[in-house]
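Please open the model in your viewer and keep the sequence panel beside it. The tour below goes from one selection to the next and says what is to be found at each stop.

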Amino acid sequence: MSDPVQDAAARDLRRAAETEAAALPALLIAAEHLANTVQMGGHGRRRAGAGEEFWQYRPAHSGDAARFVDWRRSARSDTQFIREREMQNAQSLHLWVDPANSMRFTGAATGRAARPEKRDRAQVLALALGISALRAGERVGLASPLAPPRPGKAHLLTLAQALTAQSSEADYGTPDLSAVAPQSEVVLISDFLGDPAAIEAALTGVAEHGVKGALLQVLDPAEEDFPFDGRTIFTSMAGAVRFETREAAGLRARYRERLAERRDRLETLAARAGWAFSTHHTGAPAQSALLWLHGALGGAWR
Amino acid sequence: MMALGPLGFTAPWLLLGLAALPALWWLLRAVPPAPIKRRFPGVVLLLGLPDEETQAERTPWWLLALRMLALAAAIIGFAGPVLNPEPVQTARGPLLILVDGSWASARDWPRRVERMTRALDEAAAAGRPVALVNLSDPPPAPPPFAEAADLRRSLAGVKPQPWEPAIETAPESFLPEGNFDTLWLSDGLNRMGRGALLRAVTQRGMVKVWQPGTPVLALGAAAVEGTQLRVPLLASTPITQPLEVVAYGTDPSGAERELARVDVGVQADGTGEALVALPPELRNRISRFEIAGQRSAGAVSLTDDAQKRRKVALISGSTAREGLELLAPTHYLRQALAPSADLIEATLSDALLTKPDVIILADIGDVAEADRVAEWLEEGGLLIRFAGPRLAASDITNNSLLPVSLRQGGRSIGGTMSWGEPRRIAPFAEGSPFSGLVVPEEVTVREQVMAEPGPDLGAHTIAALADGTPLVTRSAFGQGEIVLFHVTANAEWSNLPLSGLFPQMLERLSVLARPVAPSAEDLAGQIFTPLKRLDGFGALSTTEAAAGVKGEDLAEGPPGPDLPPGLYGAEGRVLALNALPPGRQLAPATWPANVVLEAEGSARQTALQAPLLLAALLALLLDALATLSLSGRLRGARVAVLVALALGLAPIDSPAQEAMDEARAIAAADNVVLAYMPSGDAQMDDISNAGLRGLSQILTRRTTVEPSAPMAVDLESDDLALFTLIYWPINAASPSPSPAGYAKLNRFLRGGGMILFDTRDADLSGFGTATEAGQRLQALAAPLDIPPLAPLPADHVLTRAFYLLQTMPGRYDGPIWVEAAPLDAEQAEGMPFRNLNDGVTPVVIGGNDWAAAWAVGETGQPTFPVGRGSAGERQREIAYRFGVNLVMHVLTGNYKSDQVHVPALLERLGQ
């Protein structure tokens, strides 16, 4: 007879693990669902190289090994032809989702018009982009926490686990792009409310190595509209920054000015590096943001 | 007390607090509203922004004004403001309180008691001696002046009477000696004799009259007119709004209920009339009329025989001959009955179908359907027969439907072939229903049928001729009665039908409805006993052993202490005496100018403290809302919630509180949970819990069912749909679920749940016959929807749901009961068992104490011994197997039962 107490403990652990595991497929399904809305075409490098698709026949030069000769084509003429395939070298896509506390903000946690936390929306967008990239044969990885870019659907689970597991104590996040390989693509999803200098430094650092990419600013509508009034003490999500005002409504116009200013700065920064920049609000459907991301990166994939 | 115009203050020095208000104004202005804290990531963008507007720094003026207003209201409220303060009475000397105490004062009696209490309190404070006289119930001797406090204790005994003060009582008989002030609580009605009394009391001292301003309403006696009942309504002063008159009566089941309700408009002269049109069946059931909303004996009009119309079947033997109507046997009867009775003229068999109250047979010899008539008589019918040539010629010596046996033939007096003169009727004897009726000189009888002399002939005779021969005889028959007039119903044998005596006699026999106001002559000679009494508030109560009343008094006298209003009965007749004597006109009382008239409803002392404090509280509440909105804490739905809270309407009502706790609901729904019903006995609950824990372990170990820890069912709050199996141990003191709990349990049973009842008594005395737990189980389970039960048949699916079992033991091994097999359950060919219940038995009942057999301690060791040695352990194992089977049966239903069909289904598929 086994110990009943131990029995019960093991049973509870197993059930808890099942419950936790159940959340991952939900994220995957949401991301996959989103990814399905973006139509993917076949894509290659439009030049001969290693790949699976037929590219062209060319006459054989000296130096071409006999085993590369396409004998069926050659039999129809006097010269020997070599069958070339389209080059399909996969691109690496690095994703970065801001893990900082500021991303945990939502202007309406409950009620009819409840919105998800910015972080949730950012994760779904990143994973959806990852899914569509993986489907297109790209290699997808995470900039931080580090997950090296790898192809294949099985990699998706690793990405999802790493995304959900990441957390940070900081109020505002700075991307760490040190592990990004040259010539790859980077997508940064954040609210970019932190120190713009840090973002600028990270961006210029990788742009020098020919890294292209996109910046997606995810904001809650409350952050855009500033619908507050009365005497208010504003604190950052972790409580490190604190600001008191006697009449919040009076600050609205100037807050929005500053927000627009910040956005301008990011846009200029992105344009200088040849990157794309856009803002997404959690109140809007995620598809539009994914379409934009896809378009911003699409040039490289096609 | 300080007075300020119509306003007085009990604590005026508190008003000094108002001087502090300006200081408060200055203080409040300087305090800004408290800030609100928000987490907001965009705060970095705000850093360094200066505030432009400074308005919120200081409290806005209107909020300040609101706060000052609240404070001022509170200060003034606590200062005890009183509107129209009454000057303190300074009168001295004895005080006499006169109370009219009639039915007219019953409607506002509590206010009168309040006024009397106030007068007594004031008198007690001033040390004045007081005496109290109820004019409707005057004391036989002048009452002595007594301590006001003593009188106050006896005030509860003073009640309004259902009559008015007697006119003829001399004031001296009850007025105390000496000088005194008088407080007269008038009922507002003018009546004779009031002037004399007023003069008597004004001579002795000051008189103060208290009188309500509302008019007095009363109902007169109802009268039948055609198919309608007319009820006169009287008001002391004209009123404009229509009143409602309600008719009450018994319904067929005997319960009293409202039969009709009519609107009555009161005319300028203060009279009105309620017209009630009802079918005769309903109309005869009306027992009283009331003015809706009036609680007084005067507003009640009792009905009696006068308002009832009886159903009379009139049957004659001879076919009517055209042109000879005056000779027809029924002509005079019809004339007498038609105005006040519902007549049925048909053959006897048809008439019997309509269930008449009275059947009159005019000159019929042999009754055709004697059996049915006898049956009808047994149930209380009244059969009245008239003699005639046919009756005389028939075989009348031995006829059961006659009150006395008759001689063959008859006698003829004063005819051409006989001696003597036509006989007159002798005065009616005492005790006869006709007693008191005056016999007219001219009524004579020429011919009659003769009764056979016998010892009881005298007792049967209720009217006789001058020579003593019976004229009308009567005898009881079952609950009914047979009356025989020894003469014809037409003028052939006597001129009785032509006289006025004839309808009077019929009326005394309860055939005819009485006139509304009976004259003394009508009622003379009869003693009426009170059946029901009306009290001052208009409520009817039965009387017991009350003295009888002479009919003459009843007809004449206005109601009084000797003649209380109510219902009186004699000889099967019922007479109503209403509180309002016939002919009484209501007029408002008028008082001379030297009398202080304290009309009810004038400006009275009103304490303003409560409304002021309430206003202060409301203002503070408003202030809280305004402050919230100023500091930006109030938006959207929260406003609605706060406003609802402010109005005292909590949006969360009681059902929400009774809902199942969410965590508990999730725990129950998450996994299979075995549940038990708490028994109110902690030890028993522990055993149930341990037993189900043991069973859960066995299930986890042996089957794919892995139940969570057992739960105790909280019948009031839990959603039973989340449970599958409830173990319900019963002992003699098991608490009974509430009706809502039973409803839940029934829903649970209908929804496929199962309850395992366990009486834990080893079923010692057979199922539920004698043990206390068994009896308790019967009581507990009675409101449950439990199908017919039967002992567990050997082929029940419970015996093979998981293990193959023959017995279902716990600590004991008794029989168990499950839902009975349907009657048409047949054993299919080649099948090991019948196709029984297509579903799960909703209950399993037994007394095997399963929980104790299953119970395990914390270490997993059994807690209670089962049997002895290895045989006992075997029994415990079988008990566990029963538990496994039971849970499997609950979870899989008749799956195992259906499994036996699988070979047949496969075989069919193969083809």
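Two residues are taken to be in contact if their C-beta atoms, placed from the backbone, lie within 7 Å. By that criterion, among contacts in chain B between residues at least 6 apart in sequence, 75% join residues at least 24 apart. This is a predicted model, in which local features need pLDDT of at least 70 and side-chain atom pairs count only at pLDDT 80 or more, while totals for chains, interfaces and linings use all residues. Residues are numbered from 1 along each chain as its sequence is written, and chains are lettered from A and ligands numbered from 1 in the order in which they are written.

**Chain B as a whole**

Select chain B and colour by secondary structure: there are 26 helices and 41 strands, where helices (H or I, at least four residues) and strands (E, at least two) are DSSP runs numbered from the N terminus. Of its 911 residues, 37% count as buried; a residue is buried if 20 or more other C-beta atoms lie within 10 Å of its own, exposed if 12 or fewer, and partly exposed in between, with C-beta atoms placed from the backbone.

**Helix α21 of chain B**

Next select residues 739-750 of chain B, which form helix α21. An α-helix has 3.6 residues a turn, so residues three or four places apart point the same way.

**Two sheets of chain B**

Now display the open sheet of seven strands in chain B, with the order β18-β17-β19-β20-β27-β26-β25 and mixed pairing; two strands pair if DSSP finds at least two bridges between them. At the edges stand β18 (341-344) and β25 (461-464) of chain B, each with a single partner strand, so one side of each is left without a neighbour in the sheet. The twist averages 20 degrees from one strand to the next, where axes are lines fitted to C-alpha atoms, for helices over the stretch in contact, and angles run from 0 to 180 degrees between N-to-C directions.

Within this sheet, select β20 (residues 382-386) and β27 (residues 480-485) of chain B, which run parallel and are joined by five bridges; the bridge partner of B:F386 in β27(B) is B:F485. Helix α10 (residues 370-378) of chain B lies across β20, β26 (470-477) and β27 of chain B, running at about 115 degrees to β27(B).

A further open sheet in chain B has four strands in the order β13-β12-β15-β16, with antiparallel pairing. Its edge strands are β13 (256-264) and β16 (300-302) of chain B, each of which pairs on one side only. Strand β15 (residues 286-291) of chain B is joined to β16(B) in the antiparallel sense over three bridges, and B:R288 has B:L302 in β16(B) as its bridge partner.

**Strand β7 of chain A**

Move to chain A and select β7 (residues 212-219), a mostly covered strand in which seven of the eight residues are buried. Strand β6 (residues 185-190) of chain A runs parallel to β7(A) and is joined to it by six bridges, with A:S190 opposite A:Q217 in β7(A). Strand β10 (residues 276-281) of chain A also pairs with β7(A) in the parallel sense over six bridges, and here A:L215 stands opposite A:F277 in β10(A).

**Two positive phi angles**

Most residues other than glycine have a negative phi, and most peptide bonds are trans. Select A:F226, which has a positive phi of about 50 degrees although it is not a glycine; A:F226 is in the loop between α6 and β8 (232-235) of chain A and counts as buried, with 20 C-beta neighbours inside 10 Å. Finish at B:D849, where phi is near 55 degrees, in the loop between β41 (843-846) and α23 (850-854) of chain B; B:D849 is buried, with 25 other C-beta atoms within 10 Å.

Definitions and conventions. The expected span of a helix is 1.5 Å times one less than its number of residues.
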